[in-house]
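User: I've just been handed this protein and would like a walk through it. Can we go step by step?

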Amino acid sequence: MITLDRPLDMHVHVRQDEMLRRVVPHTAQQFVGAVCMPNTLPPVDNLERYEAYVEEVKAAAAPLSFDPYVPLFFRDDFTREELSAWAPKLFGIKLYPAGVTTNSDSGVGEIEKIEPILQIMQDLDLPLLVHGETHGYSPDREREFVAVYDRFATTFPKLRITMEHITTREAAEFLGKHENVFATITLHHMLWTMDDMLGGPFNPFLFCKPILKSPDDRAALQDLVKQGHDKLMFGSDSAPHTEVAKRTEGAAGCYSAPVLLPCLAQFFEDQGILDQLQAYVSDNARRIYRVDPPQRSVNLVEKEWTVPPRYGSIVPVNAGATLRWWVEGANEAELD
Ligand code: DOR
Ligand code: ZN
């Protein structure tokens, strides 16, 4: 058995309403808290929506104790008065360049102009979480954005900046450059490459932003994880879309929530680094963000199970695969 103390998923999409109620239990069974992203419709960009969203997620996780950490959706017209008033309650702010991914149309249009807001955030000690992609050629978008991270980290050395879901060797190498820069890595970018998505028949369930990358990029991410880098956190970027939206609308996002800890345990065990899993899925995040999640541990037991073809209308990654770790207390009825 593997016991994880207060595991956290530092990047997840749970949507709203019925979809939220469908997916939150998968996260809450495996994690005692998660960074729930604010790219809902409309986005969570003010305190009122923030409080309603936190309550909605907590209610969907009940009776499990669960802390949603919600970064506000970055608006380029935030004022110092607003942010100062809200800061004591806020977890941070999530920056989406406009149009780079699902539900980001109202993101920031001109990234060059947000420095006054970054100054306010630094003054208030509000962390900045970033979807770091330009509008360039898809496979190059993250590499091109590293220059923006460099500028932000240099100009605001006290601002905590998290490079969300890094996917490239360049971003992995950049992690060591500034004290105030941190990163999350997803399960899918750690395990798979672009060829898993389109090297054979197209697999829309592995289509996400940033797009899966090359074997060399994946090796760089795996090396960071294996080296137990203390600025690295697990963030799944699990992002549910209906099967219809995935197949007919080209929706970007991988639904990994139901398989996260079993797949991570399997990878860490195969690499001979199971003793590092606790830091990766909890300790690093607790230290970096100074959060104090509910006191609850999660057990993984050795038991083979097959990932179902779908959960309601959502197709998970690894559907049909047999995994060898099972989350104690997870809902067995869903496997039928
Ligand atoms: O693939 C993605 N899906 N990447 C994101 O950044 C957002 C997410 C979503 O919300 O579906
Ligand atoms: Zn995301």
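User: Where is Leu90 found?
Analyst: This is a predicted model, in which local features need pLDDT of at least 70, side-chain atom pairs count only at pLDDT 80 or more, and totals for chains, interfaces and linings use all residues. Residues are numbered from 1 along each chain as its sequence is written, chains are lettered from A and ligands numbered from 1 in the order in which they are written, and side-chain values use heavy atoms, with hydrogens and water left out. Helices (H or I, at least four residues) and strands (E, at least two) are DSSP runs, numbered from the N terminus. On that numbering, Leu90 sits in the loop between helix H3 (80-86) and strand S6 (93-95).

User: Is Leu90 buried or exposed?
Analyst: Buried means under 20% relative accessible area, exposed over 50%, and partly exposed in between (1.4 Å probe, protein chains only). Leu90 comes in at 9% relative accessibility, so the label is buried.

User: Which residues does Leu90 touch, not counting those up to four places away in sequence?
Analyst: Contact means heavy atoms within 4.5 Å. With that cut-off, the partners of Leu90, not counting residues up to four places away in sequence, are Leu47, Tyr50, Leu72 and Leu126.

User: What is the C-alpha to C-alpha distance from Val70 to Glu51?
Analyst: Val70 belongs to the loop between strand S4 (67-69) and strand S5 (72-73), and at 0% relative accessibility Val70 counts as buried. Leaving aside neighbours within four places in sequence, Val70 has contacts that include Tyr50, Tyr53 and Phe91. Glu51 is 19 residues away from Val70 in sequence, and the C-alpha to C-alpha distance is 9.2 Å.

User: Which residues are the protein donors of the zinc ion (ligand 2)?
Analyst: Donors are N, O and S atoms within 2.8 Å of the metal (3.2 Å for Na, K and Ca); water is not among the atoms, so sites may look incomplete. Here the protein donors lie 2.0 to 2.1 Å from the zinc ion (ligand 2), and they are His11 (NE2), His13 (NE2) and Asp237 (OD).

User: How many residues apart in sequence are the parts that His13 and Asp237 tie together?
Analyst: The donor residues of the zinc ion (ligand 2) follow the spacing H-x1-H-x223-D. His13 lies in the loop between strand S2 (8-12) and helix H1 (17-30), while Asp237 lies in the loop between strand S10 (232-234) and helix H10 (243-248), so the pair ties together parts whose separation in sequence is 224 residues.

User: Which residues does His229 touch, leaving out those up to four places away in sequence?
Analyst: His229 is in the loop between helix H9 (215-226) and S10. A relative accessible area of 15% makes His229 buried. Leaving out residues up to four places away in sequence, His229 touches Leu175, Leu224 and Asn284.

User: How many of the 11 residues of helix H11 are buried?
Analyst: Helix H11 covers residues 260-270 and is mostly covered. Among its buried residues are Leu260, Cys263 and Phe268. The buried count for H11 is nine.

User: What radius of gyration does the protein chain have?
Analyst: The chain holds 12 helices and 12 strands, and 60% of its 336 residues count as buried. The radius of gyration is taken over C-alpha atoms, and the globule rule is 2.2 Å times the number of residues to the power 0.38. A compact globule with 336 residues would be near 20 Å, which agrees with the protein chain's 19 Å.
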